[in-house]
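Trainee: I have a two-chain model open and would like to talk it through with you. Could we begin with the contact between the chains?

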Amino acid sequence: MVNIVIDNKPCEVPAGSTIYEAARSVGITIPTLCHMEGLTPTGACRICVVEVEGAPGLVPSCSFPVSEGMKITTHSPRVLLARKTIVELLLANHPDDCLYCIRNNDCRLQDLAADLGVRRRRYTGARNRFKVDVSSPSVIRDPEKCILCGKCVRVCEEVQQVSAIDFIGRGSSTHIGTAFDEGLNLSSCINCGQCILVCPTGALHEHDHLKEVVNALNDPERMVVVQHAPSVSVTIGEEFGLAPGTDCDGIMVAALRRLGFDRVFDTSFSADLTIMEEGSELVHRIQNGGKLPMLTSCSPGWIKFAEQYYPDFLDNISSCKSPQQMMGAIIKSYFAEKTGIDPDKIYSVSIMPCTAKKFEAGRKEMLHESYADVDAVLTTRELARLIRMRGLDMKALEPEGADTPFGERTTAGKIFGASGGVMEAALRSAYFLITGKNLDNLEVKAVRGLEGCKEAHVKIGELELGVAVASGLKNAAALLDQVRNGRSDLHFIEIMTCPGGCIAGGGQPLSTDLNAITQRMQSLYAIDAGETVRASHENESIKRLYEEYLGSPLSKKSHHLLHTHYSSREVML
Amino acid sequence: MATAMQTAEGRDLQEILERYPNAGRDALIPILQDLQDVFGYLSRDMIARVGAHLHLPVSKIYGVATFYNQFRFAALGKYHIQVCRGTACHVKGSAGVLDDIRRLLTLEPGETSRDGLFSLEVVACIGACGLAPVIRVNDEFYAEMTTSKIERVFKTLKKEAESHD
């Protein structure tokens, strides 16, 4: 510990911490546009400058370590003037079109300008002109709104190990883009949207599908069917001022009906279906000498990552489609047949915590005869926008239940939303499939939590099953490298693209606050602990689906509708 | 990539990379310089190969290469035009000279025309301030440029190129 004085207040802070961290620990918030907890500080934005007694100039607090006896002033007139000037200079090269901006009222640059009292334009001059990159099905990038804080570059490199983007050029023409400025769709971008979550301005946002969905909702000829992903119910509340982790499942279902969706289904149902197929596939691989370890296939960012960087593992990836795509496939087959509706008339929408799901829905592997399994994907944020557009009061709505036949879920499907959830759900059912009995204790605590990599060995009958769970692709890559180098004790690996799983997905409410993400996770596990049907194989609607339509897991029909295969992808890496 | 390897270009590229065995990111700029010395520019394929050799993402390499003025991403034209934008030339109106050339050739700095005839580059002072505003085409200097002089120079160069064909 070292003794320092911050704003005339003596305090003791851990040695080695930065001034920024030290100030935070004693309740002083220093503003910043480029700082990210846990990642390399770059001191790029200079907003966090403070005065240190004896130092010749202002120092960036995010990257400056404290030392014994240091005297720091965080909000002196000199500091405030410097910060204000920086913001004014940033605004001089900014489109200034806040009213039209997707981040209006939710923008760190706007907040800072307001906090620092920027109320007139002091600098005007030539602005940089760049084209908006609309090439990606998932992520839109508008370099004119970019303030070059570099957060997206760092998250892409340090969290996801993709590095699809970097700073290009120098001086006043510097911008962020892909190799050869070719656009995100041709790059190694995996569409995860983590860059959107960290962007302080409107330079990055999801490829919006609201217009298509609203048009479909207004078309009397169409039956518009919606599914919502397991994690969405515990995050959407944050968009309406509720505490992180508040479960809004019933209210969200009610809101979806008010919006005009003809049927509301729960993707947790098809998560249960995924477990039936994937669990059976795992058992089949183990019993028949199939390729191991088996890797999960739910997370479309990870799938593209594997196609690009780990093509040698493509045969290890489960052939199961993701829950979104399984739901899409059975809506336009089983559901269409059962209700006698022409699948061409069905418009299938999904509400996802994820921008990569937009990419997944458009993949050629996901086309079924002439139509797509899923027609449009909305992120949690887009759903919130739609709800606000219709003026629905989330606090006044009465909770409602989802529709049959795909509204009934077990909590095993629900916990898919957190890293480790797929693994836990799969273990519950794989145990049953192998032994004919349920696990004594359904909760596999070793695979829960927000750590990047978790491992467990689970005894199933005679077999000791080695499992691992990784989230954040850098962590996944480290694990896969171990397997590449000969590690052989693992049978099954769950990989989620986003750190912490779908609860921290690129389509979720804009926050990378660890507390909020922890609350979201705990909410999912509280739902699991509070219900009685907690294993996918006990889902009555799933049993009926197999009896009436699919036959059994891994049947010919299942393979036709619910399974696929991926192949290696040539992009510039 | 296999086809690129069989060409003379591919062999030269391989030879340059082999000069830097087990190299890390500190070898990046020397390699790019070597490539540009031999080929006159950096192509998409070359950068991808350098990335594979150094285990660096191509976006990073492109970022580094675009930071420095010395690297080009298109092959030089038959006539490589350098427009001096140093102080003396600036005072004597080199911004207008550059605009004229961009308009006449519909070419931006760093680009090469589709027919491969002209490439354009902006340089800082080329040490011929007495001739300002000056341009250089290959090894030839053209002094005190005006719009009509520029038009005449390019007309001559185009004619010269045609007679060579």
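Predicted model: local features only at pLDDT ≥ 70, side-chain atom pairs only at ≥ 80, totals over all residues.

Trainee: Which three residues supply 42% of the area that chain B buries against chain A?
Mentor: On the chain B side, 15 residues are in contact with 17 residues of chain A. More than any other three, the suppliers of that 42% are Arg44(B), Lys60(B) and Tyr62(B).

Trainee: Which residue of chain A forms a salt bridge with Lys60(B)?
Mentor: Three salt bridges are counted between chain B and chain A. A salt bridge needs the nitrogen within 4 Å of a carboxyl oxygen. For Lys60(B), the closest N and O atoms are 3.1 Å apart, and the partner is Glu157(A).

Trainee: Which element gives the most to the side of chain B that touches chain A?
Mentor: Two helices of chain B each give two or more residues: H4 (44–54) and H5 (58–67). With seven residues, the top contributor is H5(B).

Trainee: Now the sheet in chain B: what is the order of its four strands?
Mentor: It is an open sheet with mixed pairing. Its edge strands, each pairing on one side only, are E2 (118–123) and E4 (140–142) of chain B. E1 (residues 79–84) pairs with E2(B) in the parallel sense over six bridges.

Technical notes: Residues numbered from 1 in each chain as written. Chains lettered and ligands numbered in written order. Heavy atoms only, no water. Pairing = 2+ DSSP bridges. Contact = heavy atoms within 4.5 Å. Buried area = accessible area lost by both parts, 1.4 Å probe. Salt bridge = Lys/Arg side-chain N within 4 Å of Asp/Glu carboxyl O.
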